[in-house]
Amino acid sequence: MARRLLQLYTGLVLYGVSTAMFVRANLGADPWNVFHLGVARIFSLNIGMVMIVVGALVLLLWIPLRQKPGLGTISNVIVLGLAADAALALMPPIESMVMRSILLLAAILVNAIATGMYIGAGFGSGPRDGLMTGINARTGWSVRSVRTAIELTVLLAGWLMGGTFGVGTVLYALAIGPLIQLCLPWFRIQTRSQKNLVEPTIVP
């Protein structure tokens, strides 16, 4: 249990750090963070606060989908935003294109490792992943189709609100699936419910 908890919270903190890295690279973020950045821009909020509020609102959508949150779900809502804001406070803006490019690649890698860690701990999926698997369970639509529809929707909405869309968004879309699939075996802790939590998430 101690190992699982340490892995869960390390993964969540690293995920928040990866979000800060995407922001400082300023070359495009993953679809959900494009959305978060767009909302932050419209309402003049820190991205961490937006992540917390959006996570809580998405969690409300679990109710009609009859999804049950776990410790990892609730922790995801709170820790990601706090970690992102803390990392941004410590990470100064970067002007060099070379350094921004390196930071972008590192952000994608850290994001994949972080995802493998918190999912592998087996304490429940995050609000956004749970929305995907809940819609899949209630409608019978394929996980791939549901994931694509959700991410395209938040990406478009975020872009329209001024979120940062760029080469990083495309690289993330191409690389994150294979990277998570590579990282998951390193951190997977076998529990009875683990298989149901892991398999939908590794579909690119």
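Biologist: By class, how many nonpolar, polar and charged residues are there in the lining of the largest pocket?

Modeller: The lining of the largest pocket has 9 nonpolar, 3 polar and 2 charged residues. In this count Ala, Val, Leu, Ile, Met, Phe, Trp, Tyr, Cys and Pro are nonpolar, Asp, Glu, Lys and Arg are charged, and the others, Gly among them, are polar. The model is predicted: local features need pLDDT of at least 70, side-chain atom pairs count only at pLDDT 80 or more, and totals for chains, interfaces and linings use all residues. Residues are numbered from 1 along each chain as its sequence is written, and side-chain values use heavy atoms, with hydrogens and water left out.

Biologist: What is the volume of the largest pocket, and which residues lie nearest its centre?

Modeller: On a 1 Å grid over the protein atoms alone, a pocket is an open set of points with protein on both sides within 12 Å along at least five of seven lines, whereas a cavity is a set where a 1.4 Å probe fits but cannot get out; lining residues have an atom within 4 Å of a point. Points are joined across faces, edges and corners, and a volume is the space filled by probe spheres set on them. Here the largest pocket has a volume of about 250 Å³. Of its 14 lining residues, Pro31, Thr148, Glu151, Leu152 and Ala173 lie nearest the centre. The elements giving two or more residues to this lining are α8 and α9, and α9 gives the most, with 6 residues. Helices are DSSP runs of H or I with at least four residues, strands are runs of E with at least two, and both are numbered from the N terminus.

Biologist: How many cavities of 30 Å³ or more does the structure hold?

Modeller: The structure holds 1 cavity of 30 Å³ or more. The volume of the largest cavity is about 340 Å³. It is lined by 23 residues, with Tyr15, Trp32, Arg128, Asp129 and Glu151 closest to the centre. At least two lining residues come from each of α2 (31-43), α5, α6 (97-120), α7 (127-139), α8 (143-160) and α9 (167-187). By class, this lining has 11 nonpolar, 7 polar and 5 charged residues.

Biologist: Where does UniProt place the feature "transmembrane region"?

Modeller: The unreviewed UniProt entry places it at residues 6-27, 39-65, 71-90, 102-123 and 165-187. Such positions are given in the numbering used here, feature names are shortened, and annotations may be inferred rather than shown by experiment. In the model, residues 6-27 are 91% helix and 0% strand, with end C-alpha atoms 31 Å apart. Residues 102-123 are 86% helix and 0% strand, and their end C-alpha atoms lie 32 Å apart.

Biologist: Is Thr19 buried or exposed?

Modeller: Buried means under 20% relative accessible area, exposed over 50%, and partly exposed in between (1.4 Å probe, protein chains only). Thr19, in helix α1, is buried because its relative accessible area is 1%. Asn76, in helix α5 (residues 71-90), is buried at 3%. By contrast, Ser44 is exposed at 66%, and Pro92, in the loop between α5 and α6, is exposed at 54%. Asn26 is partly exposed at 42%.

Biologist: Which residues does Thr19 touch, leaving aside those up to four places away in sequence?

Modeller: A contact means heavy atoms within 4.5 Å. With residues up to four places away in sequence not counted, Thr19 touches Asn33, Ile47, Met51 and Ala84. On that basis Asn76 touches Leu12, Tyr118, Gly126, Pro127 and Arg128. Arg138, in helix α7, is partly exposed at 44% relative accessibility. Arg138 and Arg66 are 72 residues apart along the chain, with their C-alpha atoms separated by 8.7 Å.
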